[in-house]
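Here's a quick tour to read with the sequence and the model side by side. Keep the viewer open and click along.

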Amino acid sequence: MKKSITNQLFDRFWVIAGGVNIRIKIIGIVLALVVLLGGAVTWQVRQLLSQAMYAQLTEQAVAFTRDLAARAADPILINDLYELYTLLQDTQNNHPNVRYAFILDNDGYVIAHTFDGGFPRELIHANSVTDNAYEHTAVINTNEGQIWDTAVPIFEGRAGVARLGLSDAQVRQTIDAVTGQLLLTTVLVSIIGITAAVFLTWILTYPILDLVEATQAVGRGDFSYRVKRWANDEIGKLTDAFNKMAQDLAQAEAERAGREQMRAQYVHAVITAQEDERKRIARELHDSTSQSLTSMIIGLKAMADTCQNSELQRQIEDLRMIAIQTLDDVHALSLQLRPSVLDDLGLPEAIRRHVLDCQRRNAIDIDLAIQGLDNGRLPSEIETALYRIVQEALTNIIRHAEAHTASIFIERQANQVIAVVEDDGIGFDQSILQWQDGHLGIYGIKERVELLSGQLTIETESGHGTSLFVEIPLTTEPVV
Ligand SMILES: Nc1ncnc2c1ncn2[C@@H]1O[C@H](COP(=O)(O)OP(=O)(O)O)[C@@H](O)[C@H]1O
Ligand SMILES: [Mg+2]
C-alpha cells in the first residue's frame, strides 16, 4: 500500500529530526515555542492596537474637522477669506498629523486651502458628504501612507463643506514601534530560552552520554566502568540498573574466565599426558618390542640355516617373514605415535618423513615447503603442536577430502610461525563442526593452537577444497 503524503512528509521530517542529537532537539523545541508564542502575541497585539488606534484616528479626524467647520462658519458668512486661511493654517500647525485642510463653497469650489504648490483637484471628489446633516470620512491612499479625509457640512451644507486630511503616519509609527519592541523581547527571550535549554540539555544529556560511553565500554568487554549517579530520576534509576548489570557481568565474566582457565589447564594436561604416553609407548615399541622382534628374526634366520628338513625350513622362513612384517608395522606404529626424529632432528625432518610415508601409502601428491626453520629450532611445545596439526590435517585430507593434491607450507616469521595446509578436495560445510559429536580432530587442532595463544582459520566450501591457516605467536625465544 502506498503511504499517504502526510506519512511521507512525517518520514522525511523524522529522517532529519531523528538524525540530530537530543541537545539540538530540545533547543529546537524551545526555540520553536518561543518564536511561535512571540510571533502570535506580537501579531495579536498588533491587530488589537491597530483597531484601537485607527478607531481613535477616525474619531480624532471627525473632531478636528467638526471644530474647523464650526469655526469656519463665521468667516464664510462675512466672506473673510483671510480669516478663513488663517484658521486653516492654525488647524494644520496645531495638529502635526493634519496633512491638509480646505473649505468648499456650496457649488463645490475650493475657497481656501493649505496646499502650498496649488490645490490637487482630484482631491475634491475623493470624499463628499452624502447627507448634509452628517459628516463622512474616506480613507485615501497616497504615496506617503493613508489619509483619513473627513468632510463636515457647514451650517448643514448651506455654507459649504470643511475638509481635513489626517495622516496615519504617527499611528503606524506607534504600531511599528510596539511591534519592534515585542519582536525584540521575543529575540531576547529566545536567547535566554536557548541558554536555559543548553544548560538543561547539558544536565539531561550528560548522564545519558556517560551511559552511552559506559555501554560502549561494556561492549568492548570492560566491565569495570561505572556510571556516576547524577539525580534521583529515571536516568538515576537507569544508571543504578546499568551499574548493577555491569557488576553482574563482571562477576559472570570472572567466573567464565576462571572456568576457561581451568578448561585450558585441563586440556593442556590431557594433551601433555597424551604426548608423554605416546612417547613412552613409542619408545617401548622401539627399544623393547623392536629389539625382541629383531632378535627373533635373527634367531629364525639362524634356525632356518641350520635346519635340514626343507618343509620345516619353509615354515621357519614363513614365520621370519611374518616377524619382519610385524617389525615393519611396529616401526610404522611407533613413528605415528611419536617419531623420535621430531625430538632428535626437528620439525622439518619429522614432517618431511611423515609426508613421504603418507605419499607412499596413499595415491596423493603432497607439496611441502618449509621456510625459516633452518637456523635453530622452535620451542618443543610448538614443534609438537605443529607436527600434530599437520598430521591431523593430512589424515583428514586422506580420509575425507578425495583430493588429488595437497600442499603444506610452514614459515617462521619474525614473531610468529604460520602453517597452511590446503587440498583440492570436496570441501565441507563448517557448520558440521559445531553440531556433530565425535569429530575431535579439528577441535583438537583449535585447542592446541589456542593453548599457544594462536589462531586457526578454516576456509572451505563444498566442492572447492579446504584451507587451514594456523598462526602461532613466538613470544619466547626458540630453543637453539
Ligand atoms: N580436508 C577436508 N576435506 C573435506 N572434509 C573435511 C576435511 N577436513 C575435515 N573435513 C570434514 O570435517 C569433519 C570433521 O573433521 P574432524 O574434526 O577431523 O573429525 P573426523 O576426522 O574424526 O571426522 C570430517 O568428518 C569431515 O567431514
Ligand atoms: Mg579428523
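What follows walks through the ligand site, the metal site, the salt bridges and a surface patch.

First, some housekeeping. This is a predicted model, where local features need pLDDT of at least 70, side-chain atom pairs count only at pLDDT 80 or more, and totals for chains, interfaces and linings use all residues. Residues are numbered from 1 along each chain as its sequence is written, chains are lettered from A and ligands numbered from 1 in the order in which they are written, and side-chain values use heavy atoms, with hydrogens and water left out.

**The ligand site**

Start with ligand 1, which has 15 residues around it; the closest are Asn396, His400, Asp423, His439 and Ile442. A residue makes that list if one of its heavy atoms lies within 4 Å of the molecule. Next come some polar contacts, meaning pairs of N or O atoms within 3.5 Å; within protein, one atom must be able to donate a hydrogen and the other to accept it, and residues adjacent in sequence count only if both atoms are side-chain atoms.

| Protein side | Ligand 1 side | Distance |
|---|---|---|
| Asp423, polar side-chain atom | nitrogen atom | 3.0 Å |
| Gly441, backbone N or O atom | oxygen atom | 3.2 Å |
| Ile442, polar backbone atom | oxygen atom | 2.9 Å |

Taken alone, ligand 1 exposes 530 Å², and the protein buries 88% of that. Areas like these come from the Shrake-Rupley method with a 1.4 Å probe; for residues, only the protein chains shown count as cover.

**The metal site**

Ligand 2 is a magnesium ion, and its protein donors are Glu392 (OE) and Asn396 (OD1), lying 2.1 Å from it. Donors are N, O and S atoms within 2.8 Å of the metal (3.2 Å for Na, K and Ca), and water is not among the atoms, so sites may look incomplete. Both Glu392 and Asn396 sit in helix α9 (residues 380–401), 4 residues apart, about one turn of the helix. Helices here are DSSP runs (H or I, at least four residues), numbered from the N terminus.

Asn396 counts as buried because its relative accessibility is 18%, while Glu392 is partly exposed at 23%.

**Salt bridges**

A search of the whole structure turns up 26 salt bridges, each a side-chain nitrogen of Lys or Arg within 4 Å of a carboxyl oxygen of Asp or Glu. Take Lys244 and Asp248, whose closest N and O atoms are 2.9 Å apart. They share helix α5 (residues 234–306), 4 residues apart, about one turn of the helix. Lys244 is partly exposed at 48%, and Asp248 is partly exposed at 36%.

Glu447 pairs with Arg263, with closest N and O atoms 2.6 Å apart. This pair links distant parts of the chain: Glu447 is in helix α11 (residues 441–451), Arg263 is in helix α5, and they are 184 residues apart. Glu447 is buried at 8%, whereas Arg263 is partly exposed at 27%.

Glu275 and Arg388 form another salt bridge, at 2.7 Å between the closest N and O atoms. It also links distant parts of the chain, helix α5 to helix α9, across 113 residues.

**A surface patch**

Finally, Phe199, Trp202, Ile203, Tyr206 and Trp230 make a nonpolar surface patch of about 530 Å². Patches are made of residues with over 30% relative accessible area and no salt bridge; like charges are joined within 9 Å, and nonpolar side chains (Val, Leu, Ile, Met, Phe, Trp, Tyr) within 5 Å. Ile203 lies in helix α4 (residues 169–219) and is partly exposed at 42%.

Terms used:
Helices (H or I, at least four residues) and strands (E, at least two) are DSSP runs, numbered from the N terminus. Buried means under 20% relative accessible area, exposed over 50%, partly exposed in between (1.4 Å probe, protein chains only).
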